Amino acid sequence: MVLTGISSECLLQFSCIEELCSKRDELNRQIKQEEEEKERLQHDIRVLSEKLSRVNESLTQRLAARATFDRTIAETEAAYTKILESSQSLLSVLKQEAGNLSKATEPRRTEH
């Protein structure tokens, strides 16, 4: 009887050890799976970081180009406004001078 008690106790311990080994194997499988996921995520982060860097560089260049366009447009509009103002002044002077010339070339009426 003592042998049977020891034998069943050994079987119980062996069964517990097998269960622990099985749980450890499952945990190892989960660890391996998460490590692989971690590697994929780190790779994706590297790829996205490089892409973000390229986009930021491109954006910086485009913003600088837009600022140049804005400055050129503003300068051109200012110059165009000055040309219009000068044209209006010139037209006004020409009309005034044409009127003066008309008056100067009209025959004078003599009063009796």
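A residue is called buried when its relative accessible area is under 20%, exposed when over 50%, and partly exposed in between, with a 1.4 Å probe and protein chains only. The model is predicted, so local features need pLDDT of at least 70 and side-chain atom pairs count only at pLDDT 80 or more, while totals for chains, interfaces and linings use all residues. Residues are numbered from 1 along each chain as its sequence is written, and side-chain values use heavy atoms, with hydrogens and water left out.

Select residues 17–58 to begin, the stretch that an unreviewed UniProt entry annotates as "coiled-coil region", an annotation that may be inferred rather than shown by experiment. Over these residues the chain is 100% helix and 0% strand, with the end C-alpha atoms 61 Å apart.

Turn next to the salt bridges (a side-chain nitrogen of Lys or Arg within 4 Å of a carboxyl oxygen of Asp or Glu), of which the whole structure holds three. Show Glu19 and Lys23, whose side chains meet at 3.4 Å, N to O; they stand about one helical turn apart because four residues separate them in helix α1. Lys23 is exposed at 52% relative accessible area, whereas Glu19, at 44%, is partly exposed.

Move on to Glu26 and Arg29, which form a salt bridge with their closest N and O atoms 2.5 Å apart, and then to Arg40 and Glu37, where the corresponding distance is 2.6 Å. Arg40 is partly exposed at 47% relative accessibility, as is Glu37 at 34%.

Finish at Glu39, which lies in helix α1 (residues 2–105) and is exposed at 55% relative accessibility.

Notes: Helices (H or I, at least four residues) and strands (E, at least two) are DSSP runs, numbered from the N terminus.
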